[in-house]
Amino acid sequence: MSGPTASAPPTEGGARVETPFRRFVADFRESRVAVGALGVFALIFAAAMLCSLISPQNPYDLRQLDIMDGKLPPGSVSGDGLVFWLGSDSQGRDMVSAILYGLRTSFLVAVTSGVLAAFVGTSVGLFAAYYGGRFDTVLMRMVDIKLAFPAILIALVLLAVLGQGVGKIVFALVIIQYAYYARTVRASALVERRKEYVEAAHCLALPKSRILFRHILPNCLPPLIVVGTIQIANSIALEATLSFLGVGLPITEPSLGLLIANGFEYILSGVYWISFFPGLALLVTIVSINLVGDHLRDVLNPRLQK
Amino acid sequence: MTVFIIRRLMQSALVLIIMSLLVFFGVFAIGDPVEIFVAADADQAERERAIKALGLDRPIWAQYGYFVVNALAGDLGRSFVFNIPSIELILQRMPATLELASCAVMLSVVIGIPLGMFAGYRPESRISKTIMATSIAGFSLPTFWVGLMLILVFAVELGWLPSTGRGQLGEFLGIRSSLFTLDGLAHLALPALNLALFNISLVIRLTRAGMRENMPMDYVKFARAKGLSQKRVVFVHVMKNIMIPVVTVIGLEIGQVIAFAVVTETIFAWPGMGKLIIDSINNLDRPVIVAYLLITVIMFIVINLVVDILYSVLDPRVRLADAGKS
């Protein structure tokens, strides 16, 4: 992936040099579906991050809630003139606001755990590939054992022992995800380690840490980015599932899983919107991330490159 | 072959020992074991008796010995809620989960393979494109939300199928199961479909990929040149080749299905192990949690072992690769 494009000759007129990044952007723009999905995701992400500014009410401030507005169907008007476009839940929360706040929590948990897991996993993978031998065997066996058990089972067990909380769910998600990063990075670092530029760096007597993090790591990034995208979508789904089961986030935190679980009580009496809309928001988010990830895999895969 | 199996067995034993150590230290290092195995409302005499019985007055390595011996004897404390031994409780609930999981796997084969074969045989047709789009949704939809929507549509709006419980059990050859009564089957339909959805999508994609890969191959052309009917070429020759990856993946997915049954069982109030563990976590019924942990660990080790051995029987290349690695 390295080398040839960086030194590619300038295009006509010599105004634009084709850098790997520019080529990446151009390749990515080829799929209209992926660009659309990225747009949808950006919109959802921005709305969730700005939820305290744009949402009609703060759904977790009890003073703003009126129990008389509970379980109103979509489109009804509350006591103080607020329109519930997607209805309200049993405590009189506006569903639009509740969904935005819930999404913000989902993103924060997913991104934090993703970054931490990427850091841990990348370090494990890099060291395993670079030092090899028994060190590598032990680390990779640990990863194998972890991957033999389904993610949801590990999360359930950890949370049963640790209890609820944002920090604890982030910890559980890191434990679950690091193995995927470790495997991916190890696989590509093993290939990179044998290349000439690493040998050259060795001859220059550069320190090991510099070779690992400044030379080998940047060349392992493409598959890492793909894994990262897919893992963010997975951890959003997993966090929602755990919260739905009542073992994830505590009731005080805004969360889509908890909203859906609350709505579950009323679904048998036909009050569908409390569960339906948060699920739809979750679905759109996950699908858009997966579509972007799918296309990234094609763009970043050297075998498919023209 | 024997060497391979012996090696795999030893590996599994090692994993089992590591996992039992992890569970032991998880239970004994993080929390006070007396708190975990003795109910909070027990009196002093009862506590003392439990401490003696569990060997908690011994040094830590002896405690681990007690823990293993007790676990092997099937004694990991009594459930606080049901007041029966926790292992017995879990074994009671296991058939319901296995029934649900096996039905889900069966559904994914019965629905997934034909749809996938069609989508691979006619990749350009509109029906195939619809099948593939639906399968992407099947991957991305959170299981628990699909379960709710199934209840909303089929139980609440249409009123066709019941949404909670296992229904009437029938007995056949000494096995009690929902499969043997109409009422039981009606109760099984929605949870099994919910649990199967992810795997249906997976099987569709695998089968389609296999179909597209195999159709242009020489052996297909040769079979056609021999004058065989298209039906025979597709359903005998191509099918055999598609099945290898599909069978492997389904084997690996059985564990996933059992784990994900936790979610489906909670939604449909299915009285299996999964619902039991969630209830136990909520009730702080710790002996059941510990027992569940150990039993699922053993279950997964056995499943992985069986799949690995079967795989090496089906595909000799795996065995060779493993032998060459060390």
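These entries record what I looked up in the predicted model of chains A and B.

**Entry 1. Conventions and confidence**

I number residues from 1 along each chain as its sequence is written, and I letter chains from A and number ligands from 1 in the order in which they are written.

I looked up the overall scores and found ipTM 0.75 and pTM 0.79. For pLDDT (the predictor's confidence in each residue, from 0 to 100), I noted a mean of 78 in chain B, with 84% of its residues at 70 or more.

**Entry 2. Chain A**

I counted elements as DSSP runs numbered from the N terminus, with helices being H or I of at least four residues and strands E of at least two. Chain A has 11 helices and 2 strands, and from the N terminus the order is α-α-α-β-β-α-α-α-α-α-α-α-α.

For burial I counted other C-beta atoms, placed from the backbone, within 10 Å of a residue's own: 20 or more is buried, 12 or fewer is exposed, and anything in between is partly exposed. Of the 306 residues in chain A, 43% are buried. For contacts I required C-beta atoms, placed from the backbone, to lie within 7 Å. Among contacts in chain A with a separation of 6 or more, 69% join residues 24 or more positions apart.

I then examined helix 4 of chain A (residues 95–131), which has 37 residues. Its first and last C-alpha atoms are 53 Å apart, close to the expected 54 Å; the expected span is 1.5 Å times one less than the number of residues.

I placed A:Ala205 in the loop between helix 8 (196–203) and helix 9 of chain A. A:Ala205 is exposed, with 6 other C-beta atoms within 10 Å.

**Entry 3. Where the chains meet**

I counted 30 residues of chain A and 29 residues of chain B in the contact between them. On the chain A side, the elements giving two or more residues are helix 6 (151–162), helix 9 (208–245), helix 10 (256–267) and helix 11 (273–300) of chain A. Helix 11 of chain A gives the largest share of that side, 7 residues.

I sorted residues by class: Ala, Val, Leu, Ile, Met, Phe, Trp, Tyr, Cys and Pro are nonpolar, Asp, Glu, Lys and Arg are charged, and the others, Gly among them, are polar. The side of chain A that touches chain B has 24 nonpolar, 6 polar and no charged residues.

**Entry 4. Chain B and its domains**

Chain B has 13 helices and 2 strands, and 35% of its 326 residues are buried. Residues 24 or more positions apart make up 66% of the contacts in chain B with a separation of 6 or more.

Chain B divides into domain 1 (2–72) and domain 2 (87–325), with bounds from an automatic or database domain assignment. Their contact takes 12 residues from domain 1 of chain B and 14 residues from domain 2 of chain B. On the domain 1 side, helix 1 (2–30) and helix 2 (33–37) of chain B each supply at least two residues. Helix 1 of chain B gives the most to that side, with 9 residues. By class, the domain 1 side has 10 nonpolar, 1 polar and 1 charged residues.

**Entry 5. Local features in chain B**

I checked the 36 residues of helix 5 of chain B: the end C-alpha atoms are 51 Å apart, which agrees with the 52 Å that the helix should span. A kink of about 30° lies at B:Met94 in this helix, shortly before the proline B:Pro95; the bend is the angle between axes fitted to the seven residues ending at a residue and the seven starting there.

B:Leu202 lies in helix 8 (residues 182–214) of chain B and is buried, with 21 other C-beta atoms within 10 Å. B:Leu202 touches B:Val249 and B:Glu253, leaving aside residues up to four places away in sequence.

Technical notes
Predicted model: local features only at pLDDT ≥ 70, side-chain atom pairs only at ≥ 80, totals over all residues. Contact = placed C-beta atoms within 7 Å.
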